[in-house]
Amino acid sequence: MKLLLFANTEWYLYNFRRSLAAALRDAGHEVLLVSPPGPYGARLQALGFRWIAAPMERRSLNPLRELALVAWLHRLVRAERVDLVHGFTIKCAVYGSLAARCAGRARVNAVAGMGYVFTSADTRARMLRPLVRTLMRVALGGRRSRLILQNPDDVALFDDAGLVRREQMRLIPGSGVDCRRFAPPHVEVVRDAGARLRVLLPARLLWDKGVAEFVEAARLLRAEGRAVEFLLAGDPDPGNPAAVPEPTVRGWVADGVLTWLGHVDDMPALFASVDVVALPSYREGLPKGLIEAGACGLALVTTDAPGCREVVTHEANGLLVPPKDAVALARAIARLEADPGLRKRLGSAARSRALTEFDERHVIARTLAVYKELLS
């Protein structure tokens with residue numbers, strides 16, 4: 001069996017689908033990884049994967065350029081004799097699926113939410129909506145197609161929109177987490193008495209991740225004289241319409257509101273150095289960074305929003321706050337700062353849940369089962 005995995009960045013393939021590609025290869029299948037060019041392509045090749053740079057611009061709305069990309073994918077699928085195309089995120093799912101459908105190949109599409117075109121209120125998004133809806137019906141439908149969604153809210157969303165028949169949807173919780181790599185430190189870290197609570201937001205620098213609320217919570221707790229240090233880990237994402245401009249982030253650092261770590265390679269080591277992970281996102285598919293933090297036994301704070309509430313149950317393995325509510329976020333962090341016992345109890349429960357529900361071995365097995373039902 002030959003499979004093509006198609007994503008909008010090589011970073012996504014490396015961080016989110018590397019284990020799936022390795023599992024396919026270990027099972028004796030051929031795997032072809034396709035994304036726009038970028039530095040992580042060389043890392044994938046260094047791991048022995050075959051990676052091809054696609055002529056794709058993430059923010060392009062030029063119809064001729066987009067049509068040329070679908071035609072390029074179609075030629076690639078035919079020339080490589082691919083059996084199944086698995087596309088990730090809406091644009092790649094639609095384009096990869098159109099190319100595969102025209103070539104008579106099986107298609108699996110993984111989508112987290114409805115994306116910028118359906119969630120944004122700006123004029124360009126509203127104008128594109130009817131066209132994208134039509135393309136999605138054509139691309140995602142058909143007998144040899146399956147749609148993988150990550151949370152029940154998205155299943156209901158696609159069901160209500162009538163884009164895909166319910167029997168073609170599969171609910172699989174994210175891409176999975178390596179719970180052997182992401183684990184609590186072997187030796188318990190003991191903080192100095194009076195040490196500040198370290199709170200981390202690990203995410204791409206997008207407004208939708210709740211970065212503004214995180215900054216406002218930092219300002220509120222600093223004004224109260226709380227001993228809390230706020231850390232932000234992640235790169236700017238200029239290809240995304242919701243990107244936080246880098247000068248804005250540098251301004252927060254200059255004001256002493258937070259520490260910006262940029263991209264961090266060794267996330268387990270970073271998690272071992274903090275006390276709490278916060279993700280005040282507005283909506284997620286299933287937030288991998290939050291699950292990784294939970295697997296490391298950290299107390300979690302996130303929003304009562306789709307995707308986030310599938311990872312955290314309020315008061316059981318973390319704390320939930322309303323989306324876009326900086327005051328509630330600040331109060332939840334202040335509560336964890338004042339109660340080490342609560343942090344420990346929530347962190348322990350978060351680790352147990354990661355092992356039970358989100359370990360990548362379970363997620364990969366379920367994904368392979370979807371491939372099998374299409375190709376058997």
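Arg-146 is buried, at 12% relative accessible area (buried means under 20%, exposed over 50%, partly exposed in between, with a 1.4 Å probe and protein chains only). This is a predicted model, in which local features need pLDDT of at least 70 and side-chain atom pairs count only at pLDDT 80 or more, while totals for chains, interfaces and linings use all residues. Residues are numbered from 1 along each chain as its sequence is written, and side-chain values use heavy atoms, leaving out hydrogens and water.

**View 1. Arg-146 and Glu-373 meet in a salt bridge.** The N to O distance is 2.9 Å. A salt bridge here is a side-chain nitrogen of Lys or Arg within 4 Å of a carboxyl oxygen of Asp or Glu. The pair links distant parts of the chain, 227 residues apart. Arg-146 lies in strand S6 (residues 145-149) and Glu-373 in helix H15 (residues 360-375). Helices (H or I, at least four residues) and strands (E, at least two) are DSSP runs, numbered from the N terminus. Glu-373 is partly exposed, at 33% relative accessibility.

**View 2. Glu-229 pairs with Arg-198 in a salt bridge.** Their N to O distance is 3.1 Å. Glu-229 sits in strand S9 (residues 228-233), and Arg-198 in strand S8 (residues 197-202), 31 residues apart. Glu-229 counts as buried at 16% relative accessibility. Arg-198 is partly exposed at 21%. Elsewhere, salt bridges with shared partners join Lys-2, Glu-30, Arg-50 and Glu-80 into one network.

**View 3. Lys-2 forms a salt bridge with Glu-30.** The closest N and O atoms are 3.8 Å apart. Lys-2 belongs to strand S1 (residues 2-6) and Glu-30 to strand S2 (residues 30-35), 28 residues away. Lys-2 is buried, with 10% relative accessibility. Glu-30 is partly exposed, with 49%. The whole structure holds 24 salt bridges.

**View 4. Helix H9 (residues 211-223) packs with helix H13 (residues 326-338).** The angle is about 60 degrees, and the axes are 8 Å apart. H9 is therefore oblique to H13 (under 35 degrees is roughly parallel, over 145 roughly antiparallel, 65 to 115 roughly perpendicular, the rest oblique). Axes are lines fitted to C-alpha atoms, for helices over the stretch in contact, and angles run from 0 to 180 degrees between N-to-C directions. Among the H9 residues that meet H13 are Phe-214, Ala-217 and Leu-221; contact means heavy atoms within 4.5 Å. Their partners in H13 include Val-327, Leu-329 and Ile-333.
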